[in-house]
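Work through the exercises below with the model open beside you. Try each task before you read its solution.

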Amino acid sequence: MITVDEIKRMLPHRYPMLLVDRVTELVPGERASGLKAVTCNEPWYEGMPDTASEEDYHYPWTVLIESWCHVAGVLVTWDRPNPDVRSGKAMLLGGIADAEFHRPVVPGDVVEHHVRLARQVGETYVFEGESLVGKETALTIGRLTMTMRPASDLAAPPVPDPPVPDPR
C-alpha cells in the first residue's frame, strides 16, 4: 500500500489538486489501483448553499478523471519519483478517448480507480481502466495517453525587456 506521504514524493500535486488518497495495488509496468474519498469539504463545493440538493454535489467529471490520472501517474513514476516538475520530467496528458460516465459521485463515496497500462512506447504511456463506487462503475476510460518530457523543454524562453525609447 502506498500512502499519501509516499504519493507526494512521486507526484508534484498538492492541495487542492492531490486527488488520490492511497494506492492499494501497484504491479510495475502493468497496473495500479487507488482510492479517493470524496468529502463535502472539497474546494469545488465551497459556497454551496444550504438548500443545495445531492445532485448539486455531483463530483465534477473532469476532477474524477484527474483523480484517475493520479493513479496512472503513480504507476509511471513509482521507480523514478518526480515531486518537482520544474526539474526532471514533467507529466503531460496527451488525450482521452472513449471516456464514459456511468454514475454520479457524491460526498461520502469512496472511489476505487483501476488503471491498466495497455502500451508503452519510450516515455509515452497508454492506459485504460475504470473507477468504481462499491460495485457500481462510475467511469470507464477506453484510452488515455500520457507522456513524460524534460521540464527544461517546457520552460518558456526569457522575454527580453522592451526597448527604452530615446528621450530626444
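**Exercise 1. A glycine in a loop**

Task: Find the loop that holds Gly122, and decide whether Gly122 is buried or exposed.

Solution. Step 1: Locate the residue. Gly122 sits in the loop between strand 4 and strand 5 (124-133). Remember that the model is predicted. Step 2: Check the accessible area. Gly122 has a relative accessible area of 55%. Step 3: Apply the cut-off. Exposed means over 50%, so Gly122 is exposed. Step 4: Look along the chain. Glu136 is 14 residues away from Gly122 in sequence. The C-alpha atoms of Gly122 and Glu136 are separated by 35 Å.

**Exercise 2. The overall plan**

Task: State how many helices and strands the chain has, and give their pattern.

Solution. Step 1: Count the elements. There are three helices and six strands. The pattern reads α-β-β-α-β-β-β-β-α. Along the principal axes, the C-alpha atoms fill a box of roughly 75 × 45 × 30 Å. Step 4: Turn to burial. The chain has 168 residues, and 36% of them count as buried. Step 6: Count the charges. The chain carries 16 positive and 25 negative side chains. The centres of these two sets lie 7 Å apart.

**Exercise 3. From strand 1 to strand 4**

Task: Trace the pairings of strand 2, and name the residues that stand opposite Leu35.

Solution. Step 1: Begin with strand 1 (residues 22-27). Strand 1 pairs with strand 2 (residues 31-37) in the antiparallel sense, over five bridges. Leu35 of strand 2 faces Arg22. Step 2: Inspect the turn. The hairpin of strand 1 and strand 2 has three residues between the strands. There, Gly29 takes a positive phi near 75 degrees. Step 3: Move to strand 4 (residues 110-121). Strand 2 and strand 4 run antiparallel and are joined by seven bridges. In strand 4, Glu112 is the bridge partner of Leu35.

**Exercise 4. A lysine under cover**

Task: Decide whether Lys36 is buried or exposed, and list some of its contacts.

Solution. Lys36 belongs to strand 2. Step 2: Use the cut-off. Buried means under 20%; Lys36 has a relative accessible area of 6%, so Lys36 is buried. Step 3: Look for contacts beyond four places in sequence. Among them are Leu19, Glu42, Tyr59, Ser67 and His113.

**Exercise 5. The later strands**

Task: Which strands does strand 6 pair with, and over how many bridges?

Solution. Step 1: Take strand 3 (residues 89-101). Strand 3 and strand 6 (residues 136-150) pair antiparallel over eleven bridges. Leu92 is opposite Thr147 of strand 6. Step 2: Take strand 5. Nine bridges join strand 5 to strand 6, again antiparallel. Phe127 has Leu144 of strand 6 as its bridge partner. Step 3: Inspect the hairpin. Two residues lie between strand 5 and strand 6, and Gly134 has a positive phi near 65 degrees. Step 4: Examine Ser131 in strand 5. Ser131 counts as buried, at 0% relative accessibility. Its contacts beyond four places in sequence include Trp68, Val111 and Thr137.

**Exercise 6. Backbone angles**

Solution. Step 1: Check omega. The bond joining Tyr15 and Pro16 is cis, with omega about 5 degrees. Pro16 lies in the loop between helix 1 (4-10) and strand 1. Asp98 has a positive phi of about 55 degrees, although Asp98 is not a glycine.

Note on methods
Residues are numbered from 1 along each chain as its sequence is written. This is a predicted model: local features need pLDDT of at least 70, side-chain atom pairs count only at pLDDT 80 or more; totals for chains, interfaces and linings use all residues. Side-chain values use heavy atoms; hydrogens and water are left out. Helices (H or I, at least four residues) and strands (E, at least two) are DSSP runs, numbered from the N terminus. Buried means under 20% relative accessible area, exposed over 50%, partly exposed in between (1.4 Å probe, protein chains only). Lys and Arg count as positive and Asp and Glu as negative; His and the chain ends are not counted. The place of a charge is taken as NZ of Lys, CZ of Arg, CG of Asp or CD of Glu. Two strands pair if DSSP finds at least two bridges between them. Contact means heavy atoms within 4.5 Å.
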